[in-house]
Number of protein chains: 4
Amino acid sequence: MATHRFTPTAYHNVLGTFPPALRIADGDTVVTRTLDAAGDDENGVNRSGGPNPMNGPIFVEGAEPGDALRVQIVAMEPTRDTGWTRQALAGNVVDPEFVRGLPPRERTLWQIDRAQGTVRLQQPVSGLEHLVLPLAPMIGCFGVAPSLGQAISTATSAEHGGNMDYRRFGPGTTVWFPVAVPGALFFLGDAHAIQGDGEIVGTGVETSFEITVTLGVEKRRPMNWPRAATAEDIITIGNARPLDQALQHATTEMARWLQQDYGLDLIAASHLLGQAVRYDIANVFDPAYTVACRLPKRYLPARR
Amino acid sequence: MATHRFTPTAYHNVLGTFPPALRIADGDTVVTRTLDAAGDDENGVNRSGGPNPMNGPIFVEGAEPGDALRVQIVAMEPTRDTGWTRQALAGNVVDPEFVRGLPPRERTLWQIDRAQGTVRLQQPVSGLEHLVLPLAPMIGCFGVAPSLGQAISTATSAEHGGNMDYRRFGPGTTVWFPVAVPGALFFLGDAHAIQGDGEIVGTGVETSFEITVTLGVEKRRPMNWPRAATAEDIITIGNARPLDQALQHATTEMARWLQQDYGLDLIAASHLLGQAVRYDIANVFDPAYTVACRLPKRYLPARR
Amino acid sequence: MATHRFTPTAYHNVLGTFPPALRIADGDTVVTRTLDAAGDDENGVNRSGGPNPMNGPIFVEGAEPGDALRVQIVAMEPTRDTGWTRQALAGNVVDPEFVRGLPPRERTLWQIDRAQGTVRLQQPVSGLEHLVLPLAPMIGCFGVAPSLGQAISTATSAEHGGNMDYRRFGPGTTVWFPVAVPGALFFLGDAHAIQGDGEIVGTGVETSFEITVTLGVEKRRPMNWPRAATAEDIITIGNARPLDQALQHATTEMARWLQQDYGLDLIAASHLLGQAVRYDIANVFDPAYTVACRLPKRYLPARR
Amino acid sequence: MATHRFTPTAYHNVLGTFPPALRIADGDTVVTRTLDAAGDDENGVNRSGGPNPMNGPIFVEGAEPGDALRVQIVAMEPTRDTGWTRQALAGNVVDPEFVRGLPPRERTLWQIDRAQGTVRLQQPVSGLEHLVLPLAPMIGCFGVAPSLGQAISTATSAEHGGNMDYRRFGPGTTVWFPVAVPGALFFLGDAHAIQGDGEIVGTGVETSFEITVTLGVEKRRPMNWPRAATAEDIITIGNARPLDQALQHATTEMARWLQQDYGLDLIAASHLLGQAVRYDIANVFDPAYTVACRLPKRYLPARR
């Protein structure tokens, strides 16, 4: 169970089957510094073009198609004191005729206080003079090489993960991705200091991070979509447009999970989901939207 | 500030401009017993056909078009010990080809323990033998007479409210509806003992209730969509299909609210929403879906 | 088979169960003059508020719930020389960020040459100086009283018909509506001199018309959605958002029609539709969008 | 203006930046034989796995990012006498609860009569014994290498083209793709003997073809989405889900084209599109749906 400090020499704007930048054993831990969504590092130096430059790929020994790659997000520390957002709601999250009055989508700077664990606007904005938000780190874009030799832009997401922009993908959360190529080929980047549901201004507070993840292989563990777990919940992810389809993917994946691992038939799964499910709208901005389907662990039967 | 005990002699399956069944003063409280979604009362006697028979309309003196009707949900008590659900996920919340394998949409009975405040399946279901859910009452369908002489089915929802099936519409929550006709003409019914996000089996635990609401008029308070507040949050509602459009309505209404009452311009509103908003998928089953846009009160500036 | 000249004394902005303005026998013909979408008559005199004021309702003797009302559009003649449109694409038919640059949605006047059967802009527009379009009359909004006591705005549409804005609903076309109340209660209005697919500026060339329809009752002829026939095609209509759901309704209704009347099973219906279907996007502007599913009559087997 | 006979030695299931299989001059013509969607050749021998194996890429000299690749579809001849379809409507094109009754999605064989130019079912199907459809060849999947190093599955489509499954992409049609990499890197395959709108059984009549295309470079001709022209119409394409967004892309691209090449401002473009546009639903089956926006050439002003 080694720990690797991984310093990329190049970055990727697509998730695809590239030569590994790092090769690790099943169960190893990786510590790596990510650029922000625009490619700026901890010193504000631009190191890569956009969108969302990725560290990786990391080859995990023993991972084969049909397995799952388990990613435990161990720690996330911002590596600089500023992040940035867009200052306007995205055109697609308001009524179409309301778009005419939206402000331009310029950048705004935010101050990150790492000691206090807070985030605030750098310049005062009328009415928000006292706004102090908690630092709530999350990984915007991560996943594995997709199937079929595809190379998918880090602007979007699909079955392999990618740019899901989900605020619960932070420290303490475990995520599983369906492995499509030998070694899984894991990528990560585009972390946020905080982000609301939906990423409705098109950004969280975008900044550079040091991220620690532990990567493991679960053999013969087929899944169609990413799955996750926090201390309280199990979670499935659907990536698609419209939100309706993303929700269909996430709900179907959860029904399958309940069948596979918890021995529920579809009637039992329907009862449990019908009265206890929670949905999160992770992002409603990227080319593919992301919906998370959550179920409290305390209602689950014992795992088979 | 009188309290009226209101016992309907007829029920409505549409929200429209009908002769008032009760006439009250601004600020009065109403206590009334609602049927379940299929029209059964506290004794299991069917008193009305479906869908979602409504108590009302209640005429609130002083309410005029352009005002808002404020509805404080004071208390909700189930009036019987059983409720029912459908036993299968709805076809529209799973991947289309997955529908082929769904179970039939038959009714299942649940036990409501009013003393313990719990809900559980009446017959054992494999894997859910120990499932005990909290009693979490909510009003499925309520609202006011719509504009233009429309009469809108209680199966669906729109700007006037209606069948929104949102789990946060329970005791302690205040809701505002845009008044379209003199007296507002308030209707309510279709309460649930508990319901998950999205109402994805097409029902919550459907049962009869005694509901206490306090109704007030806020003069010259234009809004396009229902608004609400809990102890922690302010909330706006959008009703439409697909979820994307419901979210657009709710987000636009929230941006307008922040401008009107909190003095934020659209840049400030974008910053606040972008990093702090929460969305709930209230229902993804009814003809119009419902999305709620929530914002924590602790981040709001003082109200003007 | 009488012919009635029907001159309304009042107009309706909802389709609902109102006292009949005219009572006719099964098979009778009605000639009536409709206002434009904004309520202006053949003299440009405003006679009603919007949206889409309707002539009617017409009670057709013998029509009962479960029957179909057959509407043959016999003739449509504009009653004045001008019509109007909006001058800008609607915000919802272009990419959201493109909305920022759209022109204001002001009115533009068009000249209708009834002798030549043409339509052209009244004021020259650069690049369109020579644009002459054919007069292509169609009924924007028509249908029957909906079920359940609903009264549905003429801005939108549903199973009962309503504001479908489909360019093939012109002279020579026959339309069937599902009857929900005794007498069917037929309404019509909002005719256009011409309109492109989708009604993407939010209007056709809106003007007043004299319309001749023959109304007949087909007993025990259940249908979920409006159906139609032209000389070449049979057509089913779906009204909903998004377009995907409107298409689902229309396709399902067509599959049912092929089963009911043409004796095809679902495999045969799938083969025929799969290789020969045509879809029209009737409107992508109104609260409910309208998709038409068309099938050439020449490929149909004999009707049972 | 040479003519090249191109016989692939390998096939691709993604459109991406691969070493050229053929290198031609601007204006050259290519004759090539394509496999069917499942990889079967003119002898029914399987030569590649699915989905939609592509011939190519073809490097066109002089093509650079920012240019357009012009593809004239000169001729398409089926190379065998049979094709195949799926026998059931796809789950996503009917009402969700209707899916429960759909037949299994098995293959059905069709007979192609190349002398007569007709297509018919190989085995009699009750009610369709006399169904004879015209041979109407079209290319299901073609396009260029996408930007950013992406490699996009031939199951789907995007700005670069891909699996659009549009029935008007047949002989006589010219298509323009936005060039993203040097040489454009053109791919083609997946041709159909006929297909209805929407590809609603998930296939046209899938078979192998000999296809003749002439490829030309138009310098500094930026476009966001594929464009096309037939004898009668100019056409723009949008690829996305839901249909609403595909339509937004296509409409926006058409508005831009009218501004760029025909000198119309957005008011004139709105007038012309509003009253004369036609939409085709090309496919409503693939991961990205395809909508075509068409405008008759006879209404266009002279090209600048």
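Let's begin with a definition: two strands pair if DSSP finds at least two bridges between them. Helices (H or I, at least four residues) and strands (E, at least two) are themselves DSSP runs, numbered from the N terminus.

Hi everyone! What you see above is a predicted model, where local features need pLDDT of at least 70, side-chain atom pairs count only at pLDDT 80 or more, and totals for chains, interfaces and linings use all residues. Residues are numbered from 1 along each chain as its sequence is written, while chains are lettered from A and ligands numbered from 1 in the order in which they are written.

Let's start with a sheet in chain D. Here six strands make an open sheet with mixed pairing, and their order is 3-5-16-11-14-13. Which strands stand at the edges? They are strand 3 (22–24) and strand 13 (157–158) of chain D; each has a single partner strand, so one side of each has no neighbour in the sheet. As a reminder, strands of a sheet pair through backbone hydrogen bonds, either parallel or antiparallel. Within this sheet, strand 11 (residues 138–144) and strand 14 (residues 161–163) of chain D are antiparallel partners, with three bridges. If you'd like a spot to look for, D:Gly143 stands opposite D:Gly161 in strand 14.

Now hop over to chain B and find strand 11 there, residues 138–144. Is this strand covered or exposed? It is mostly covered, with seven of its seven residues buried. Buried means that 20 or more other C-beta atoms, placed from the backbone, lie within 10 Å of the residue's own; 12 or fewer makes a residue exposed, and anything in between partly exposed. Strand 11 of chain B runs antiparallel to strand 16 (residues 186–192) of chain B, and six bridges join them. In that pairing, B:Ile139 faces B:Ala191 of strand 16. Strand 11 of chain B also pairs with strand 14 (residues 161–163) of chain B, antiparallel again, over three bridges. There, B:Gly143 sits opposite B:Gly161.

How do chains A and B meet? Contact means that the C-beta atoms of two residues, placed from the backbone, lie within 7 Å. By that rule, 57 residues of chain A touch 56 residues of chain B. On the chain A side, the elements giving two or more residues are helix 1, helix 2 (266–276) and strand 20 (278–283). Helix 2 of chain A gives the most, with 10 residues.

Finally, the symmetry. Superposing copies by least squares on C-alpha atoms of residues with pLDDT of at least 70 in both, a rotation of 180 degrees with 0.0 Å of shift along its axis brings chain A onto chain B, with an RMSD of 0.0 Å. The two copies are therefore related as by a two-fold rotation axis. Which residue of chain A comes closest to that axis? It is A:Leu243, whose C-alpha is at 3.0 Å. The same surface serves both copies, as 98% of the contact residues of chain A recur in chain B.
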